[in-house]
Amino acid sequence: MSDTPDNQTPLDAGEAATGPEPAAGTSGPSSVMLLGSGELSRELALAFQRLGAEVIAVDRYADAPAHGVADRPIVAKMNDAEVLSALIEKENPRYLVAEAGLIAADALIAVAERGEVEVFPTPRSTRLSLDREGLRRLAADELGLPTAPFWFAGSTEELTAIAQHSGFPLVVKPIASAPGEGESVLVRPEDVEPAWQRAVAAGRMPHSRVMVESVVEVDFEVTLLTIRTVGPTGPAVHFCEPIGHRQADGDVLESWQPQRLAPAALDAAKSIGARIVNSLGGRGVFGVELLVSGDEVYFDNVRPRPHDSGLVTLRSQRLSEFELHARAILGLPVDTIMISPAAAEVTYAGAEANPVIGGDPSVVLAEALTVAESDVRLFNRPDETEARRRLAVALATAPDPIVARDRARRVTAALRRLW
């Protein structure tokens with residue numbers, strides 16, 4: 001498919017790295033270094049290995065989920081540019097794939113500029129994924145994509161002035177944070193100071209700035225998985241069926257595929273997806289997040305890697321988001337065929353949580369899996385890559401996404417007896 005509009009914690013410096021001690025430059029011709037070894041990286045590592053790649057999984061703590069399946073696990077300070085640069089030079093991988101946010105971008109830029117290692121996502125994408133201000137200005141100011149009205153504030157005084165000018169309600173978000181983390185909805189002037197403090201405290205980068213958005217009435221939110229590849233004829237962009245998603249009760253993310261869009265809205269969504277990923281460049285899966293109101297579609301965010309809302313593709317598509325990401329990075333053909341409507345529910349706990357098994361796992365799983373066309377992923381290894389720890393994913397297929405959503409909810413309800 002063409003991309004034209006018509007078609008389309010750190011360890012001390014002395015403990016920087018541990019693991020086997022291979023000789024420098026011994027990584028194979030299809031070696032992949034994953035920076036970030038959480039649960040999603042585990043799925044991605046398996047996808048690369050099934051395509052014959054050697055996987056080196058790196059994270060800042062030992063026994064990360066992807067460490068358990070990688071050809072070589074390594075513990076290193078990924079946010080230390082000097083340490084990370086030395087590790088990359090030593091291992092000399094063919095592909096460098098960033099799967100965590102807090103990585104020394106300067107080291108990735110230097111590696112990419114030398115051209116000896118292919119870096120994914122592009123360093124620019126990595127930097128913008130941590131900078132809502134830069135990403136929103138790219139989308140709205142440079143690319144002209146439709147967005148909700150937005151502003152940026154560097155103090156409570158500026159936030160107050162914005163609220164007085166634009167009116168309520170408003171959404172306040174940190175410049176860099178996990179989805180939903182540190183967000184507040186302002187409905188009256190008294191909300192300004194608490195919202196400012198919450199956003200600044202939750203920000204993952206040392207920014208004393210926040211993003212402010214008008215609340216746009218929408219029918220639903222969707223993730224459009226957009227895969228950018230490069231072949232003999234140049235770049236191409238492919239799209240999966242839209243994925244609907246919503247945050248339920250704060251500790252569950254529900255997603256389903258397909259989310260039906262009007263033809264005009266689907267065309268607009270694909271146009272927005274193609275334009276933003278072609279601007280970011282590189283190869284792989286991009287989760288383009290959109291707000292839909294009738295035929296109107298607004299750009300909200302883009303994640304240059306597989307993410308939780310795409311976990312539904314483990315059952316809905318012939319190739320999951322992880323397999324698509326691996327194929328695109330390795331320069332292999334992709335297809336986005338959906339084989340069945342499906343739904344997924346991801347259950348979370350706080351990152352510091354150590355859930356206690358409340359019921360007999362075999363009994364609970366047996367009950368959960370009596371739901372028709374259901375499947376489960378339980379996450380037992382410590383995962384420190386996200387602010388919220390994933391506990392499980394409930395998956396279900398059905399002839400209709402509404403039925404699939406009901407089945408996934410029933411699986412989740414059964415699994416709650418584990419915690």
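Biologist: Which handedness does the crossing of α2 and α3 have?

Modeller: Keep in mind that this is a predicted model. Here α2 passes α3 in a right-handed crossing. The label applies because the near helix is turned clockwise from the far one by less than a right angle.

Biologist: At what angle do α2 and α3 pack, and how far apart are their axes?

Modeller: Helix α2 (residues 81-91) and helix α3 (residues 105-114) pack at about 35°, with their axes 8 Å apart.

Biologist: What makes the contact between them, and which classes are its residues?

Modeller: On the α2 side you have A81, L84, S85 and I88, and on the α3 side A107, L108 and V111. Sorted by class, that contact has six nonpolar residues, one polar and no charged.

Biologist: Now α6 and α7. Why is α6 called oblique to α7?

Modeller: Helix α7 (residues 192-202) packs with α6 at an angle of about 125°, their axes being 10 Å apart. Roughly perpendicular covers 65 to 115 degrees and roughly antiparallel means over 145, so an angle between those two falls under oblique. That makes α6 oblique to α7. The crossing of α6 and α7 is right-handed.

Biologist: Which residues meet there?

Modeller: T156, L159 and T160 in α6 meet V192, E193 and W196 in α7. This contact divides into three nonpolar, two polar and one charged. Glu is on the charged list, so E193 is counted as charged.

Biologist: On to the sheet. What is the order of its strands?

Modeller: It's an open sheet of four strands in the order β6-β9-β7-β8, with antiparallel pairing.

Biologist: Why are β6 and β8 said to stand at the edges?

Modeller: β6 (150-153) and β8 (184-186) each have a single partner strand, so one side of each is left without a neighbour in the sheet. On average, neighbouring strands of this sheet are turned by 30° against each other, direction ignored.

Biologist: How do you know that β7 and β9 pair?

Modeller: Pairing takes at least two bridges. Strand β7 (residues 170-174) and strand β9 (residues 210-214) have five, in the antiparallel sense, so they count as paired. V171 stands opposite E213 in β9.

Biologist: Which strands does α6 touch?

Modeller: Helix α6 (residues 156-166) packs on the sheet and touches β6, β7, β8 and β9. Its direction makes about 155° with that of β6.

Terms used
Residues are numbered from 1 along each chain as its sequence is written. This is a predicted model: local features need pLDDT of at least 70, side-chain atom pairs count only at pLDDT 80 or more; totals for chains, interfaces and linings use all residues. Side-chain values use heavy atoms; hydrogens and water are left out. Helices (H or I, at least four residues) and strands (E, at least two) are DSSP runs, numbered from the N terminus. Axes are lines fitted to C-alpha atoms, for helices over the stretch in contact, and angles run from 0 to 180 degrees between N-to-C directions. Contact means heavy atoms within 4.5 Å. Angles under 35 degrees count as roughly parallel, over 145 as roughly antiparallel, 65 to 115 as roughly perpendicular and the rest as oblique.
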